[in-house]
Amino acid sequence: MTTREATGLLPRAQADAIAGYATSALDWAHILFFGAVGWPWLLRSLSGGTRAEKQRLLARLDLPEDALPNLGSWKADTALLHHIVDVVEMRRPAQVVELGAGASSLVTARALQLHGGGRLTSFDQHADFVAATHEWLLDHSLDADMRHAPLAPAPRDWHGLWYKLDHIPERIDLLIIDGPPWSIHPYIRGAAEALFDRIAPGGLVMLDDGARPGERIVAQRWRKRWPDFDFRLDTSGTKGTLIGERRAA
């Protein structure tokens, strides 16, 4: 299954990705609390953007109408995807790293193909999803370094799990964070800061679902820990995007 197929409201089952991990009582309390307060954002995310915005996105990328048949729910919405295309068009990043494969992989790879020819390295915790997404890209004559990254205990003081990453580019010009899913822990994407030292001056971080309560707390921590980044929340679209730019030294 890839993100081009119909999917349910919640992320796909995590049993294969979190085997051997015991969720603590505190983690369960966080999941239940943020699930209760976050339902308005979950409902807003169902559409994935208007049909007109989706068609505009496909036109920008010169892709056929069936290239992205399904958006919304746990997938990237059109606002995030337009942001990615904007950055690739204007900044021509040489190295893009993506955490969480899917529609954003196709859009990023196509934008890079059209504008500067940079390289995409994409990580996801589901090995079958990585393989299927790579085949999806090849169907459109696109390529990327698609990598399976199993989940392991999160670093530093972050709760839950995080990707076991390998072959990470030394320099990152654009970091796209669209995983792992909040259903493992509301703060799970905060551990992406482990890659911030690799982001070049003038480079960008994009966090999907930036308007959700859990991601807002993540953003507060990042602002305190990374004063050389300027973070702003873009509330366009259905889920919001937190965008951080590393200032020049």
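Student: How do H3 and H5 pack, and at what angle?

Tutor: In this predicted model, the axes of H3 and H5 are 10 Å apart and meet at an angle of about 40°.

Student: Which residues make the contact?

Tutor: H3 contributes Leu57, Arg60 and Leu61, while H5 contributes Val107, Arg110, Ala111 and Leu114. By class these are five nonpolar, no polar and two charged residues. Arg counts as charged, so Arg60 of H3 and Arg110 of H5 are the two charged residues.

Student: What makes H4 roughly parallel to H5?

Tutor: Helix H4 (residues 78–91) and helix H5 (residues 103–114) pack at an angle of about 20°, and their axes are 9 Å apart. The cut-off for roughly parallel is under 35 degrees, and therefore H4 is roughly parallel to H5. Their crossing is right-handed.

Student: Which residues of H4 and H5 touch?

Tutor: On H4 they are Leu81, Ile84, Val85 and Val88. On H5 they are Ala103, Ser104, Val107, Thr108, Ala111 and Leu112. This contact has eight nonpolar, two polar and no charged residues.

Student: How do you know that the buried residues of H3 are on the same side?

Tutor: Helix H3 (residues 51–61) has Lys54, Leu57, Leu58 and Leu61 as its buried residues. They cover an arc of only 95° around the axis, which means that they lie on the same side of H3.

Student: What is on the other side of H3, and what covers the buried residues?

Tutor: Ala52 and Ala59 are on the other side, and they are called exposed because their relative accessible area is over 50%. The cover over the buried residues includes H4 and H5.

Student: What follows H3?

Tutor: Asp62 follows H3, and its phi is positive, near 55°.

Student: How many helices and strands are there in the protein, and what share of its residues counts as buried?

Tutor: The protein has seven helices and nine strands. Of its 249 residues, 54% count as buried, that is, under 20% relative accessible area.

Student: How far apart in sequence are the residues that touch?

Tutor: Among contacts between residues at least 6 apart in sequence, 71% join residues at least 24 apart.

Note on methods
Residues numbered from 1 in each chain as written. Predicted model: local features only at pLDDT ≥ 70, side-chain atom pairs only at ≥ 80, totals over all residues. Heavy atoms only, no water. Axes fitted to C-alpha atoms, helices over the stretch in contact; angles between N-to-C directions. Helix = DSSP H or I, 4+ residues; strand = E, 2+ residues; numbered from the N terminus. Parallel < 35°, antiparallel > 145°, perpendicular 65-115°, else oblique. Left-handed = near helix turned anticlockwise from the far one by under 90°. Contact = heavy atoms within 4.5 Å. Buried < 20%, exposed > 50% of the residue type's maximum accessible area, 1.4 Å probe, protein only. Arc of directions from axis to C-beta.
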